[in-house]
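Subject: Structure handover

Hello,

Here is the structure we discussed handing over. My notes on what was found in it follow below.

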Amino acid sequence: MSKKLSRITNYFDGFHLYAIVSHLKDYSLCFHINNKLGFDLVNYEDLVFDLSGDPNQGFSWYYYKDYKTHTHFYLIGNKSEGNILLPSQKTVDFLLLIKDAIDDNYADETSSAIRKIVNISAVFQADMGKIKDMDLLMETIELHELKFVKHK
């Protein structure tokens, strides 16, 4: 009788997702994060995540790559003109996705620094495995990065 070997893979390994609750506008939050952490988050064309059937629905999208640590940072608006990017996260205003962080401490230190910014109500780590359509969102983010960042 042959044995079956299976391997459990975590599709979100190497990613950290932080939910940010704040009444700041996206450009203002981005300004504060850039000043506090020394980032250079740049606004690119809005991220279109079409689950509702509205192809014109866009969510603010900022990107920064730290070339020292080879870490990618994505600041994404969760709300746009009455629409919500992740309906399971209704109270969240922004999402900070960190890709290829050096280690977990680096990502946690980044979120702790953001938590100290004035007018930030909360910053907490979201479990990517429990968010519906997270794999689809990750794919959309990767394609958006390829389209707008890599061609510059």
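On the contacts: among those between residues at least 6 apart in sequence, 64% join residues at least 24 apart. Please keep in mind throughout that this is a predicted model.

**Overall make-up**

The chain has three helices and eight strands. Read from the N terminus, the order of elements is β-α-β-β-β-β-β-β-α-β-α. Of the 152 residues in the chain, 47% are buried.

Six strands make up an open sheet, in the order β2-β3-β4-β7-β1-β8, with antiparallel pairing. The edges are taken by β2 (42-48) and β8 (120-125); each has a single partner strand, so one side of each has no neighbour in the sheet. From one strand to the next, the twist averages 25°.

Some of the pairings can be given in detail. Strand β4 (residues 71-77) pairs with strand β7 (residues 94-99) in the antiparallel sense, over six bridges. In this pair, L75 stands opposite L96 of β7. On the β1 side, β7 and β1 run antiparallel and are joined by six bridges, with L17 opposite L97 in β7. Five bridges join β1 to β8, again in an antiparallel arrangement, and here A19 is opposite F124 in β8.

How much of β1 is buried? Eight of its eight residues are, and the strand is described as mostly covered. F15, L17, A19 and V21 point one way from β1, while H16, Y18, I20 and S22 point the other way; all are buried.

**Helices on the sheet**

Helix α1 (residues 26-37) lies across β1 (15-22), β3 (58-66), β4, β7 and β8, and runs at about 15° to β3. Helix α3 (residues 134-148) lies across β1, β2, β3, β4 and β7, and runs at about 130° to β2.

**The α1 and α2 pair**

Two packed helices are described by the angle between their axes and the distance between the axes. For α1 and helix α2 (residues 104-115), the angle is about 120° and the axes are 10 Å apart. The two helices are therefore oblique to each other. The crossing of α1 past α2 is right-handed. Where they meet, I33, K36 and L37 are on the α1 side, and T110, A113 and I114 are on the α2 side.

**Loop residues**

- H23 sits in the loop between β1 and α1. Its relative accessible area is 60%, so H23 is exposed. Leaving aside neighbours within four places in sequence, H23 is in contact with D93 and N119. The C-alpha atoms of H23 and I120 are separated by 7.5 Å, although the two residues are 97 residues apart along the chain.

- Q89 is in the loop between β6 (83-84) and β7. Is Q89 buried or exposed? With a relative accessible area of 17%, Q89 is buried. Not counting residues up to four places away in sequence, Q89 touches N78, F124 and I131.

- D100 belongs to the loop between β7 and α2. D100 has a positive phi of about 60° and is not a glycine. Its relative accessibility is 39%, so D100 counts as partly exposed.

- N119, one of the two contacts listed for H23, is in the loop between α2 and β8. Phi of N119 is also positive, near 75°, in a residue other than glycine. At 36% relative accessibility, N119 counts as partly exposed.

As background to the last two entries, most residues other than glycine have a negative phi.

Regards

Methods: Residues numbered from 1 in each chain as written. Predicted model: local features only at pLDDT ≥ 70, side-chain atom pairs only at ≥ 80, totals over all residues. Heavy atoms only, no water. Helix = DSSP H or I, 4+ residues; strand = E, 2+ residues; numbered from the N terminus. Buried < 20%, exposed > 50% of the residue type's maximum accessible area, 1.4 Å probe, protein only. Contact = heavy atoms within 4.5 Å. Pairing = 2+ DSSP bridges. Axes fitted to C-alpha atoms, helices over the stretch in contact; angles between N-to-C directions. Parallel < 35°, antiparallel > 145°, perpendicular 65-115°, else oblique. Left-handed = near helix turned anticlockwise from the far one by under 90°.
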